[in-house]
Amino acid sequence: MLEFRDVSFRYPEDAQSMMEHLNFQVEDGDFVSIIGASGCGKSTVFRLINGLEQMQGGQIFVDGKPIQTLQQYSAFMPQKDLLFPWRTIAQNICLPMELAHIPKAEQAKRCTEVLEQVGLSQYRDKYPKDLSGGMKQRVAFARTLLAGADLLLLDEPFSALDYLTRVDMQEWLLHQWEHYHKTILFITHDVEEAIFLSKRILVIQDRPFRDMEDVRVPLAYPRNREDLKRADIVELKENLIEKLRRSVNV
Amino acid sequence: MKKHLPAFVLALVLLLVWQGIAMLIDAAYILPSPTQICVRLWELREPLFLVHLPATMSVTAIGLLISVVLGVGLAIAMDANPKIERALYPVIVASQTIPTTAIAPLFILWFGYSIWSKVLVTILMTFFPIAITVFDGFKATKREMEELLRTYGATKRDIFWKLKLPTALPNFFSAIKMAIPLSVIGAAIAEWLGAQEGLGYFSKRMMTQLDGAGVFAPVVLLSIVAMLAVGIVTVIEYKCIQWRKEL
Ligand SMILES: Nc1ncnc2c1ncn2[C@@H]1O[C@H](COP(=O)(O)OP(=O)(O)O)[C@@H](O)[C@H]1O
Ligand SMILES: [Mg+2]
């Protein structure tokens with residue numbers, strides 16, 4: 001689905017490279033998290049995938065094709081909901097389809113379906129200011145879903161939410177993922193969140209980084225929060241936290 | 001309504017004080033009282049409403065329209081191209097310090113007593129604040145939102161119509177509300193300096209006749225019209241920007 005081959009990147013303003021000859025792959029339909037200390041370059045990985053930054057070396061492939069030859073291959077959801085306050089919920093959700101010139105009737109149909117699926121049908125004609133933080137993130141997720149890509153890039157989407165809402169949203173997200181069969185690449189700095197959600201966790205530890213440690217989560221889907229208390233999972237969590245703390249000290 | 005009560009009371013008190021002082025002085029050519037002005041407004045209703053108000057309003061409306069088109073156009077150009085911005089922005093800001101009233105007689109030399117000398121004065125007074133305010137509105141666009149649109153494959157044009165324009169809309173309304181009184185003042189000053197009709201001209205003519213209440217009557221009329229216009233724009237603004245939290 002997604003492959004980084006020998007990707008090197010440095011911000012022009014920075015003296016040091018962010019990543020050098022980075023290689024990794026994400027399989028179709030997987031849920032993969034990227035964790036790392038703040039400022040280590042997680043968001044930069046996404047900016048490279050969605051073309052907001054140009055890499056200096058290497059190549060990124062989606063479905064075997066270089067991204068420069070593709071359009072609408074990934075859909076990005078940032079930490080802030082970034083809903084447009086002057087648009088209603090339905091108009092916000094339709095924004096990517098509008099830009100892709102999808103016929104109005106088709107937009108309305110898909111919008112109705114997705115609102116139903118994310119449980120916000122009655123908010124269709126409300127404005128973002130009328131919604132809570134968790135609901136806004138659901139709308140932002142719905143908008144991401146309808147951007148027409150099978151690869152979703154979610155950059156710390158729940159980190160601004162309070163703990164209970166966040167836990168709810170994690171379960172909700174897994175439910176949506178199972179329903180839509182999308183491939184999700186998920187950035188977080190919360191180790192527990194990464195373990196609960198993902199099949200694989202990629203850990204960024206160095207700067208510049210050449211590879212990311214690839215950790216498999218030994219849990220089946222559907223996930224159960226109780227499993228986080230299992231001895232091997234607790235150990236995995238401690239392990240990952242230790243790695244992140246060491247990388248912060250570098 | 002309750003919100004406006006203090007302002008209403010204050011205005012009433014000021015009017016009463018004015019009335020009191022005017023009655024003490026008792027010389028309408030020095031300080032006419034509010035009631036005398038009202039009476040004069042009524043006596044002069046025909047020339048004021050049928051001749052001079054329409055004249056001033058057409059100057060104001062034409063000047064404002066041209067200013068909006070020019071100002072918004074310039075704001076768009078500066079936003080689209082940083083080179084244009086660097087060249088124009090400082091010039092525009094500096095030009096606001098030019099005393100328009102002092103150079104207005106020059107326009108009368110150029111255009112005579114035609115409507116255009118007055119229109120030019122209104123344009124000069126309103127065009128710069130409109131350009132700067134709308135431009136600042138464009139600049140308030142959130143970079144993250146622009147980037148999000150780009151990840152959806154938006155073109156520059158899409159970004160302008162779907163993001164920058166709505167972002168700048170509140171500023172656009174502020175600019176209009178600021179420009180309305182300015183353009184009325186501009187038109188009146190220009191008429192005062194040289195014209196054959198208009199409320200500014202009428203006020204000056206009353207001055208030569210030492211008719212104090214007659215000087216004030218057109219001025220009062222001008223303020224009322226300007227306030228009405230601002231009120232109408234505020235209503236339109238409210239209808240357009242209902243999504244704003246603070247409303
Ligand atoms: N647009 C940018 N221009 C220059 N440097 C940047 C830019 N964005 C991020 N950086 C640099 O990259 C680092 C943060 O990268 P980022 O990918 O945002 O990290 P993370 O998402 O892991 O917190 C910062 O230390 C900063 O120096
Ligand atoms: Mg980040």
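Predicted model: local features only at pLDDT ≥ 70, side-chain atom pairs only at ≥ 80, totals over all residues.

Q: How many residues does helix α3 of chain A have, and what span does it reach?

A: Helix α3(A) comprises 14 residues, 104-117. From its first C-alpha to its last it reaches 20 Å, close to the 20 Å expected at 1.5 Å a residue.

Q: Why do the buried residues of α3(A) line one face of the helix?

A: The general idea comes first. An α-helix has 3.6 residues a turn, so residues three or four places apart point the same way. In this case the buried residues are Q107(A), C111(A), V114(A) and L115(A). Viewed down the axis of α3(A), these buried residues fall within an arc of 100°, and they therefore line one face.

Q: What covers the buried residues of α3(A), and which residues are exposed on the other side?

A: The cover includes α2 (89-99), α4 (133-145) and α5 (163-180) of chain A. On the other side of α3(A), A105(A) and E116(A) are exposed. Just after the helix, G119(A) adopts a positive phi of about 75°.

Q: Which residues come nearest to ligand 1?

A: Of the 13 residues around ligand 1, the nearest are G39(A), G41(A), K42(A), S43(A) and T44(A).

Q: Which polar atoms of K42(A) and T44(A) lie by oxygen atoms of ligand 1?

A: For K42(A), a polar backbone atom is 2.9 Å from an oxygen atom of the ligand. For T44(A), a polar side-chain atom lies 2.5 Å from an oxygen atom of ligand 1. Taken alone, ligand 1 exposes 560 Å², of which the protein buries 68%.

Note on methods:
Residues numbered from 1 in each chain as written. Chains lettered and ligands numbered in written order. Heavy atoms only, no water. Helix = DSSP H or I, 4+ residues; strand = E, 2+ residues; numbered from the N terminus. Expected span 1.5 Å × (residues − 1). Buried < 20%, exposed > 50% of the residue type's maximum accessible area, 1.4 Å probe, protein only. Arc of directions from axis to C-beta. Contact = heavy atoms within 4.5 Å. Near = heavy atom within 4 Å. Polar contact = N/O pair within 3.5 Å; in protein donor to acceptor, adjacent residues only side chain to side chain. Areas by Shrake-Rupley, 256 points an atom, 1.4 Å probe, with all protein chains shown as cover.
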